[in-house]
Amino acid sequence: MILDGKGISTKLLAQYQKIVQSLSERKPSLAVLLVGEDPPSQIYVDRKTKACEHVGFKSIKKRFSESITEKNLLKEISYLNEDAQVDGILVQLPLPSHINPQKVTLAINPDKDVDGFHPLNMGKLLIGDPTGFVPCTPLGIKVLLEKTLSDLTGKHVIIIGRSIIVGKPLAALLMQREPRLNCTVTITNSYSKNLKELVAQGDILVSAVGRPLFVTADMVQEGATVIDVGINRVEEPKNNRGYRIVGDVDFEKVASKSAYITPVPGGVGPMTIAMLIHNTLKSFMQREKGKIPFQEIPL
Ligand SMILES: NC(=O)c1ccc[n+]([C@@H]2O[C@H](COP(=O)([O-])OP(=O)(O)OC[C@H]3O[C@@H](n4cnc5c(N)ncnc54)[C@H](OP(=O)(O)O)[C@@H]3O)[C@@H](O)[C@H]2O)c1
């Protein structure tokens with residue numbers, strides 16, 4: 001069965017839209033900062049700002065030239081930190097090489113860090129403090145899995161890839177001591193030995209490598225659930241863009257062996273966007289605490 005990230009995210013966004021419509025005073029606001037002209041980054045930023053507008057957020061898009069200095073970018077972030085009207089701040093990655101992404105992440109007020117990459121939010125995730133922000137892609141994967149399998153207790157999850165955007169926070173999230181969670185997690189990297197044997201043990205396989213056809217049918221356990229995080233451009237002369245987007249997984253062949261599988265596009269990507277809206281709404285509710293009636297943000 002196909003895991004319909006697009007359908008699930010559309011339903012969640014409709015719920016978030018209703019909450020925003022019920023707010024009579026200030027609306028939530030997300031600032032997205034884009035440095036340079038990287039084409040995929042421009043597409044991601046457009047999708048994020050469109051989703052903001054769709055649910056009724058105030059969306060602030062700030063574009064800077066490739067040559068902006070690190071100091072000036074940090075200054076822009078500090079203005080947004082001080083602005084009481086801004087609930088969420090996101091700096092689109094990757095950044096040009098003269099800007100240190102860790103400095104940028106550290107500069108964002110953790111209370112507005114809706115991407116969840118600030119060390120304080122990463123730490124909160126690790127200790128299971130629910131007041132923090134969980135990075136959007138891992139959170140979207142967890143929601144997708146919970147809605148599909150309902151009980152993940154004791155499942156063995158194999159995660160290929162250990163980035164701080166996907167692999168590491170996802171591992172922390174799925175191993176959490178929580179009802180219907182408590183997964184056993186194995187996280188692999190490019191130095192892992194016997195990758196095939198490890199992957200074959202997974203009830204759930206998450207691939208976040210960034211290489212087309214990396215996961216083949218012979219690697220996957222019969223009846224496994226497969227989450228494909230990869231976004232890869234492959235040449236497609238027939239397509240008027242000249243390329244098409246594929247994941248890491250050999251979809252057709254792996255699908256015939258697995259119980260559930262995410263498509264690319266239409267799987268993890270839309271869930272990531274929905275979780276960004278979730279996190280911004282959560283930030284808004286935390287910041288407006290005591291001033292407006294509290295509303296739970298559904299997941
Ligand atoms: N759908 C979404 O919303 C979404 C969100 C984020 C990212 N993505 C996509 O997901 C993919 C991964 O993103 P990322 O930022 O996590 O990438 P990344 O930082 O490049 O990490 C890739 C990971 O894959 C591991 N790897 C590479 N070759 C391997 C091998 N042969 N065996 C085992 N592991 C191997 C790397 O290991 P080492 O650490 O040892 O190098 C690394 O940990 C990309 O295609 C990206 O575009 C999608």
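Mentor: The lining of the largest cavity has 6 nonpolar, 1 polar and 2 charged residues (Ala, Val, Leu, Ile, Met, Phe, Trp, Tyr, Cys and Pro count as nonpolar, Asp, Glu, Lys and Arg as charged, the others, Gly among them, as polar). The model is predicted: local features need pLDDT of at least 70 and side-chain atom pairs pLDDT 80 or more, whereas totals for chains, interfaces and linings use all residues. Residues are numbered from 1 along each chain as its sequence is written, and side-chain values use heavy atoms, without hydrogens or water.

The residues that line the largest cavity are Ile89, Val91, Leu93, Val104, Thr105, Ile108, Asp113, Asp115 and Phe117. Strand β3 (88–91) and helix α4 (101–107) are the elements that give two or more residues to this lining (helices, H or I of at least four residues, and strands, E of at least two, are DSSP runs numbered from the N terminus). The space in the largest cavity comes to about 80 Å³. A cavity is a set of points on a 1 Å grid over the protein atoms alone where a 1.4 Å probe fits but cannot get out, and lining residues have an atom within 4 Å of a point.

Leu93, one of the lining residues, also takes part in a cis peptide bond to proline 94, with omega near 0°. Proline 94 sits in the loop between β3 and α4, the two elements already named for the lining of the largest cavity. A cis bond also runs from valine 264 to proline 265, again with omega near 0°; proline 265 belongs to the loop between β10 (260–261) and α10.

In total the structure holds 2 cavities of 30 Å³ or more.

Threonine 272 places a polar side-chain atom 2.8 Å from an oxygen atom of the ligand, and arginine 162 places one 2.7 Å from a ligand oxygen atom. On the backbone side, a polar atom of asparagine 189 is 3.5 Å from a nitrogen atom of the ligand. Of the 920 Å² of accessible area that the ligand has on its own, the protein covers 71% (Shrake-Rupley method, 1.4 Å probe).

The second largest pocket has a volume of about 580 Å³. Pro130, Thr131, Gly132, His278 and Lys282 are the closest to its centre among the 25 residues that line it. Here too α10 gives the most to the lining, with 5 residues. The residues of this lining divide into 9 nonpolar, 8 polar and 8 charged. A pocket is an open set of points with protein on both sides within 12 Å along at least five of seven lines.

Technical notes
A polar contact is a pair of N or O atoms within 3.5 Å; within protein, one must be able to donate a hydrogen and the other to accept it, and residues adjacent in sequence count only if both atoms are side-chain atoms. Grid points are joined across faces, edges and corners, and a volume is the space filled by probe spheres set on the points.
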